[in-house]
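Here are my notes for a first look. Please keep the view open as you read and check each point in turn.

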Amino acid sequence: MSNEKKPLNHLAIIMDGNGRWAKKRHKPRFMGHKEGMNNIRRIALAANDLGIKVLTLYAFSTENWGRPTDEVNYLMKLPINFFDKFMPELMEKNVRVNIMGYADELPEKTSQITQKAMADTANNTGMILNFAFNYGSRREMISGVKKIAQQVKTGKLSLDEINENLFAKELMTAKLAPYEDPDLLIRTSGEERISNFLLWQIAYTEFSFTKKLWPDFNEEDLKKLIEEYQTRDRRFGKV
Ligand code: V0D
């Protein structure tokens with residue numbers, strides 16, 4: 001078989017274990033979130049140095065709204081803190097920010113800040129730092145189905161024209177072309193679930209689960225998982 005290193009263009013990470021990290025240290029949950037936010041910087045810079053083209057981070061799912069109000073309020077301020085703190089460095093490293101999710105449901109200031117981050121970095125040509133923020137994959141697919149159905153209904157599209165490529169164009173990952181689908185998905189903190197993250201897009205993705213909690217997950221852990229990924233035989237179902 002081929003000894004060629006598998007490309008790793010698109011890396012996706014479910015950042016889990018922040019609450020548990022805080023609990024272990026007898027600290028309030030928000031300190032775990034804060035430490036988790038700072039770790040985004042560390043891992044994004046490492047990914048950028050490793051030549052990764054797209055880093056997708058699952059930061060908030062539509063389900064997280066069920067948490068206590070104080071915690072949701074704190075979480076909603078994290079993008080504001082994040083860009084206040086790290087925007088100069090992102091610009092310096094030529095990183096482009098993308099956010100996928102339902103922005104219209106976010107607090108006004110949070111939504112504004114994320115729009116501004118995308119606009120400010122729109123001309124950067126380096127790695128895309130892609131946040132899945134107030135995102136849900138089933139909902140994303142239903143929106144896509146409705147768009148297509150509408151086009152059929154109005155006669156702009158025939159049933160025969162519906163195929164996988166056409167559907168993928170309706171998903172929020174279409175903006176990441178040509179790296180829409182993750183090559184590798186990492187989830188930290190020992191949980192082995194997808195939790196309504198990218199569903200369509202992971203059809204051929206390799207999975208890697210680590211027990212490390214997100215705030216503890218470092219460059220070395222990342223490098224090890226990538227090396228392990230690159231030794232796997234990936235054939236997209238072919239022999
Ligand atoms: C909390 C670990 C940055 C996950 C990371 C509200 C738990 C720290 C962002 C962020 C969160 C989101 C969008 C954006 C820029 C930054 C973030 C959430 C949680 C969900 F455009 N950290 N962070 N978002 N935590």
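1. Start with Asn18. Asn18 belongs to helix α1, which covers residues 18-24. Keep in mind throughout that this is a predicted model. Is Asn18 buried or exposed? Its relative accessible area is 11%. Buried means under 20%, so Asn18 is buried.

2. What does Asn18 touch, leaving aside its neighbours within four places in sequence? Its contacts are Gly32, His33, Gly36, Trp214 and Pro215. Trp214, one of these partners, is itself buried, with a relative accessible area of 1%.

3. Stay with Trp214. Trp214 forms an aromatic pair with Phe217, and the pair is stacked. The ring centres are 5.9 Å apart, and the planes make an angle of 20°. Phe217 is buried too, at a relative accessible area of 0%.

4. Next, helix α4. Residues 108-120 make up this helix, 13 residues in total. From first C-alpha to last, α4 reaches 18 Å. That is close to the 18 Å expected at 1.5 Å a residue.

5. Which residues of α4 are buried? They are Thr110, Ser111, Ile113, Thr114, Ala117 and Met118. Seen down the axis of α4, its buried residues fall within an arc of 165°, so they line one face of the helix. On the other side of α4, Glu108, Lys109 and Ala119 are exposed.

6. Now the aromatic rings. The count comes to 11 aromatic pairs. One of them joins Phe83 and Phe131 edge-to-face, at 6.2 Å centre to centre and 85° between the planes. This pair links distant parts of the chain. Phe83 is in helix α3 and Phe131 is in strand β4, 48 residues apart. Both Phe83 and Phe131 are buried.

7. Together with Phe82 and Phe86, they form one aromatic cluster.

8. Last, two charges over rings. The charged end of Lys6 sits over the ring of Tyr229, 4.7 Å from its centre. Arg139 lies over the face of Tyr102, and here the distance to the ring centre is 3.6 Å.

Terms used. Residues are numbered from 1 along each chain as its sequence is written. This is a predicted model: local features need pLDDT of at least 70, side-chain atom pairs count only at pLDDT 80 or more; totals for chains, interfaces and linings use all residues. Side-chain values use heavy atoms; hydrogens and water are left out. Helices (H or I, at least four residues) and strands (E, at least two) are DSSP runs, numbered from the N terminus. Buried means under 20% relative accessible area, exposed over 50%, partly exposed in between (1.4 Å probe, protein chains only). Contact means heavy atoms within 4.5 Å. The expected span of a helix is 1.5 Å times one less than its number of residues. The arc is that of the directions from the helix axis to the C-beta atoms. Rings of Phe, Tyr and Trp (its six-membered ring) pair if their centres lie within 6.5 Å; planes under 30 degrees apart count as stacked, over 60 as edge-to-face and the rest as tilted. A charge sits over a ring if NZ of Lys or CZ of Arg is within 6 Å of the ring centre and within 35 degrees of the ring normal.
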